[in-house]
Amino acid sequence: MITDLCVSSTIVFALVPGSSTSIVAFVAICVAILASLLAAAWTTAASRQQAFRVTAVLAVGLAVYFLLIAAIVQTGIFERAFVPFGPLFLAVTIGVAITLGFSHLGSRLAAGVPLAFLVGFQGFRLPLEIVLHDWFLTGTIPESMTWTGSNRDIVSGIVALAVCPFVSRHHVLAWLANIVGIVLLVNVGRVAIVHAP
């Protein structure tokens, strides 16, 4: 179980690592997401030269972003004072995603990638939620972050995979999958903040 330790007025928690299998699965999910993003950037480029340039810039940008996140996490700031740094980190992460989504690259990906793939991509949330549930069983995260607690994000993964074969003919299903995904993502943020140590 996660041990809560009170140090003055700040709560610090000891991390219980997940199983080796769950960590490998989590890394595989992350690699698949990144590979999908880079492949989409490559395939939607107007020329081979642009594909090399855009994909390389995106790969370097993502690497710098992830290294920055790793450096921040290594400082232990989230363990010492999750509030306010956890919600601030969440806001910055969402801001980066929105900025990328509304950028020239985001517009090109939205226009160039088939709708079924854009919707089906959200299916990554299904295996991710299975990993999170395993982490609850090993005491890595609280139950509130899983489907047996307050996190229903697994539903968005199931909905995305169920409707993606039909969204090209029935665009309303794409709207449905996105609305379900956004509502459940907001709920994940709420759960993370409300149940933070």
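The backbone nitrogen of Gly18 sits 3.4 Å from a polar atom in the side chain of Thr140. Keep in mind that this is a predicted model. Overall, we're looking at a chain of 197 residues, 29% of which count as buried, built with nine helices and two strands.

**Overall layout**
- Going along the sequence, the pattern reads β-β-α-α-α-α-α-α-α-α-α.
- The C-alpha trace spans about 55 × 35 × 30 Å along its principal axes.
- Take the contacts between residues at least 6 apart in sequence: 65% of them join residues at least 24 apart.

**Around Thr140**
- Where does Thr140 lie? You'll find Thr140 in the loop between α7 and α8.
- Thr140 has a relative accessibility of 10%, so this residue counts as buried, the cut-off being under 20%.
- Besides the Gly18 backbone nitrogen at 3.4 Å, the Thr140 side chain has a polar contact at 3.0 Å with the side chain of Thr138.

**The salt bridge**
- How many salt bridges does the count come to? The tally is one salt bridge.
- The partners are Arg125 and Asp153, whose closest N and O atoms are 2.7 Å apart.
- Are the two partners buried or exposed? Arg125 is buried, at 6% relative accessible area, and Asp153 is buried too, at 5%.

**Helix α1 against helix α5**
- Helix α1 (residues 20–43) packs on helix α5 (residues 104–112) with the axes 9 Å apart and an angle of about 85 degrees.
- Why call the two roughly perpendicular? Angles of 65 to 115 degrees get that label, so α1 and α5 qualify as roughly perpendicular to each other.
- On the α1 side the contact is made by Leu37, Ala40 and Ala41, and on the α5 side by Leu105, Arg108 and Leu109.
- Sorted by type, the residues of this contact are five nonpolar, no polar and one charged. Arg counts as charged, so Arg108 of α5 is the charged one here.

Notes
Residues are numbered from 1 along each chain as its sequence is written. This is a predicted model: local features need pLDDT of at least 70, side-chain atom pairs count only at pLDDT 80 or more; totals for chains, interfaces and linings use all residues. Side-chain values use heavy atoms; hydrogens and water are left out. A salt bridge is a side-chain nitrogen of Lys or Arg within 4 Å of a carboxyl oxygen of Asp or Glu. Buried means under 20% relative accessible area, exposed over 50%, partly exposed in between (1.4 Å probe, protein chains only). Helices (H or I, at least four residues) and strands (E, at least two) are DSSP runs, numbered from the N terminus. A polar contact is a pair of N or O atoms within 3.5 Å; within protein, one must be able to donate a hydrogen and the other to accept it, and residues adjacent in sequence count only if both atoms are side-chain atoms. Axes are lines fitted to C-alpha atoms, for helices over the stretch in contact, and angles run from 0 to 180 degrees between N-to-C directions. Angles under 35 degrees count as roughly parallel, over 145 as roughly antiparallel, 65 to 115 as roughly perpendicular and the rest as oblique. Contact means heavy atoms within 4.5 Å.
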